[in-house]
Amino acid sequence: REEPKPQQVFKGMGIIVRSEDPIICYGMTRFGSSSDGYLAIPTSGLGKKYICASYNDPGLNSNGKQYLTSYTSIVAVYNKTIVDVKLGGRPNNYTPGAYSMKTGDTRKDTLNRADVWLIGVMGDYNDLTGTTVAANKPVAVISGSFCAYVPIQVAACSYLIEQDLPMETWGYKYHVTRIAERLHASIIRVFASEPNTAIYRD
């Protein structure tokens with residue numbers, strides 16, 4: 001029932017992992033009845049432009065029952081990183097706090113190494129999907145949901161988290177398969193990096 005934190009930069013709260021030899025690193029969050037994780041992208045694979053991929057709040061926060069918030073976080077790996085964020089998603093999205101943003105608003109901030117800009121939104125069915133991030137130096141962007149109903153009408157929530165891929169790494173052809181023994185197909189979201197992008201599905 002706790003409202004999401006106001007969008008702000010948390011100084012030095014990022015976790016920096018360094019190794020003398022090649023490694024693979026995963027981030028993992030475990031709660032009592034839900035967990036999720038992601039493959040951490042190394043600094044060499046980070047980019048300067050992102051579109052966030054999150055998931056809808058189930059729409060219960062108007063009566064104060066729950067805040068199952070859509071979140072994104074931007075982590076700086078270099079000092080003096082200038083970051084521009086344009087809040088996307090549903091038309092009624094807004095960030096809580098004194099420096100509130102609403103859908104379509106832009107905000108700029110300067111981050112130093114290991115600073116984390118955390119953005120959570122409110123509003124029924126809020127969703128940060130489509131929020132754009134642009135920086136003058138490579139950054140990491142990690143998005144997800146505090147606890148999502150997947151699908152939206154099924155009242156059992158799960159924590160979701162994934163590190164977003166920079167737009168520089170996007171491609172033209174993808175293969176998507178069903179999950180074995182799953183009754184229903186996965187939810188697929190397709191993002192366009194340029195206007196007038198034609199999408200073909202076989």
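Modeller: E9 and E10 pair in the antiparallel sense over six bridges, and serine 145 stands opposite leucine 160 in E10. Please keep in mind that this is a predicted model, in which local features need pLDDT of at least 70, side-chain atom pairs count only at pLDDT 80 or more, and totals for chains, interfaces and linings use all residues. Residues are numbered from 1 along each chain as its sequence is written, and side-chain values use heavy atoms, with hydrogens and water left out.

Biologist: What makes E9 and E10 a pair?

Modeller: Two strands pair if DSSP finds at least two bridges between them, strands being DSSP runs (E, at least two residues) numbered from the N terminus. E9 and E10 have six bridges, so they count as paired.

Biologist: Which sense do E5 and E9 pair in, and over how many bridges?

Modeller: E5 (residues 70–76) pairs with E9 in the antiparallel sense over seven bridges, with tyrosine 71 opposite glycine 144. Four bridges join E4 (residues 47–51) to E9, again antiparallel, and glycine 47 stands opposite valine 139 there. E6 is also joined to E9 by four bridges, running antiparallel, with valine 85 opposite valine 133.

Biologist: Why is E9 called largely enclosed?

Modeller: Buried means under 20% relative accessible area (exposed is over 50%, partly exposed in between; 1.4 Å probe, protein chains only). In E9, 13 of the 18 residues are buried, so the strand is largely enclosed by the rest of the structure.

Biologist: Why is threonine 131 called buried?

Modeller: Threonine 131 has 0% relative accessibility, so it counts as buried. This residue is found in the loop between E8 (116–120) and E9 (132–149).

Biologist: How do you know that the side chain of threonine 131 reaches the backbone nitrogen of glycine 88?

Modeller: The distance is 2.9 Å, and the side chain also reaches the backbone oxygen of leucine 128 at 2.8 Å. A polar contact is a pair of N or O atoms within 3.5 Å; within protein, one must be able to donate a hydrogen and the other to accept it, and residues adjacent in sequence count only if both atoms are side-chain atoms.
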